[in-house]
Amino acid sequence: VWLRETTLRRVSMSVDEAKNPVSSKKKKYRKDKPWDDETTDHWKIEAFTRDDNKHSMVEESSFATLFPKYREKYLREAWQHVKRTLAEHGIDCTLDLVEGSMTVRTTRKTWDPYIIIKSRDMIKLMARSVPYEQARRVLDDDVACDIIKIGSLVRNKERFVKRRKRLIGPNGATLKAIELLTGCYVMVQGNTVSCLGSYRGLKQARKVVSDTMMNIHPVYNIKSLMIKRELAKDPSLANESWDRFLPKFKATNVKRKKTKPKLEKQYTPFPPPQTESKVDKQLASGEYFLKDQERRTKKRLAREAQQSEAAAKRSTKREQSYVAPPEQPAKKAKVAAEPDVDIGKLKKKVKAAQKSKKPSRSK
């Protein structure tokens, strides 16, 4: 009885729910938001203006960076322009020529909280030989920078210099091609490569630089970038994979010179013998006990003997050009050996030939 009543109750509840459906809890409190609009571009980065932050910074932030000695003259000349540019954003900067450092710090007039990071990047680029005209671009919102350290990627110094030259190319042609394809400013200086441009271009430039230092020629990456730029113009390929269009290069192993295996030295607990000094050699030969005049005389005699020996070698070498070469014996003409001829047979053969030539008389 209890089981039957329970079953009937459940059936009646399911029928009521079907007649009066209740909305789920997730949609119960959902309301239309003002930003849920198809016309709104959620990816657009709005410009940060002074009205967005009317109050100044609570704490002072500062960054400092060192610069090499050869950049001192240029920085001294361009520092007034740097100071004027950073003052527009409320940033104070100082140049310390004694310590060789540049410092940027926020002030009460600073309204952009991220501009101090941009100012730090600017002085870092100027320390890495980037000119002021290019370094000031990093203060824009859509421009970023990347300083790639390539010194630790290759151990051998000669190999490092060769690969860095390969990145620059003849008369800077390869570097110019990378700049045109990535849309970034690229500066190779010492053990670093400074890049300045959009975030997408910086990613491409870093890949080209790192691959070049790992012994992948930059021409391969340049070719891929050129193909990608042409494919991007076709809207029908926007949602397709481009792998079938990109070139695939096979890595080839270059034959290298075989190095001779080093022979392991036998271990001995005793240290190697001490090398003899000049005094020890003089004591062993007895020259140490000679007087200065006797020592000079001995040296002069040894020098004269060496000179006379060299002169004798030169004279013998000079006289060799006048010595006539040895005459070769005349070759005798070979006489053909007479073959053995049977004279009797030869006579019979001649007679038979003469008979055949005589005309036959008519009867």
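**Salt bridges and surroundings**

Mentor: Let us begin with Arg-76, which is exposed because its relative accessible area is 52%, over the 50% cut-off. Please keep in mind that this is a predicted model.

Trainee: Which residue does the side chain of Arg-76 meet in a salt bridge?

Mentor: The partner is Glu-72, with an N to O distance of 2.9 Å. Both residues belong to helix 3, which covers residues 72-87. They are 4 residues apart, about one turn of the helix.

Trainee: And is Glu-72 buried or exposed?

Mentor: Glu-72 counts as buried, because its relative accessibility is 13% and the cut-off for buried is under 20%. The bridge therefore has a buried residue at Glu-72 and an exposed one at Arg-76.

Trainee: How many salt bridges are found in the whole structure?

Mentor: The search finds 11. One of them joins Asp-211 and Lys-207 at 3.1 Å, N to O. These two residues lie in helix 8 (residues 199-213), again 4 residues apart and about one turn of the helix.

Trainee: What is the accessibility of Asp-211, and of Lys-207?

Mentor: Asp-211 has a relative accessible area of 16%, so it is buried. Lys-207 stands at 45% and is therefore partly exposed.

Trainee: What about the bridge between Arg-244 and Glu-240; what is its N to O distance?

Mentor: That distance is 2.8 Å. Arg-244 is exposed because its relative accessible area is 58%, whereas Glu-240, at 41%, counts as partly exposed.

Trainee: Which residues are linked in a network of salt bridges?

Mentor: Glu-60, Asp-92 and Arg-105 are linked in this way.

Trainee: Changing topic: which residues form a negative surface patch?

Mentor: Asp-32, Asp-36, Asp-37 and Glu-38 form one. Asp-37 sits in the loop that runs between helix 2 (25-28) and strand 1 (62-66).

Trainee: Now to strand 6. Where does Ser-194 lie, and is it buried or exposed?

Mentor: Ser-194 is within strand 6, residues 192-197. It counts as buried because its relative accessibility is 2%.

Trainee: What is Ser-194 in contact with, leaving aside neighbours within four places in sequence?

Mentor: Its contacts are Leu-125, Arg-128, Val-130, Asp-146, Ile-147, Tyr-185, Val-186 and Met-187.

Trainee: And where is Ser-198?

Mentor: Ser-198 is in the loop between strand 6 and helix 8. At 32% relative accessibility, Ser-198 counts as partly exposed. With neighbours within four places in sequence left aside, its contacts are Asp-142 and Cys-184.

Trainee: How many residues apart are Ser-198 and Asp-142 in sequence?

Mentor: They are 56 residues apart in sequence, while their C-alpha atoms are 6.3 Å apart in space.

Trainee: Finally, the chain as a whole: how many helices and strands are there?

Mentor: There are 12 helices and 6 strands. The chain has 363 residues, of which 24% are buried. Of the contacts between residues at least 6 apart in sequence, 57% join residues at least 24 apart.

Conventions
Residues are numbered from 1 along each chain as its sequence is written. This is a predicted model: local features need pLDDT of at least 70, side-chain atom pairs count only at pLDDT 80 or more; totals for chains, interfaces and linings use all residues. Side-chain values use heavy atoms; hydrogens and water are left out. Patches are made of residues with over 30% relative accessible area and no salt bridge: like charges are joined within 9 Å, nonpolar side chains (Val, Leu, Ile, Met, Phe, Trp, Tyr) within 5 Å. Accessible areas come from the Shrake-Rupley method with a 1.4 Å probe; for residues, only the protein chains shown count as cover. A salt bridge is a side-chain nitrogen of Lys or Arg within 4 Å of a carboxyl oxygen of Asp or Glu. Lys and Arg count as positive and Asp and Glu as negative; His and the chain ends are not counted. The place of a charge is taken as NZ of Lys, CZ of Arg, CG of Asp or CD of Glu. Buried means under 20% relative accessible area, exposed over 50%, partly exposed in between (1.4 Å probe, protein chains only). Contact means heavy atoms within 4.5 Å.
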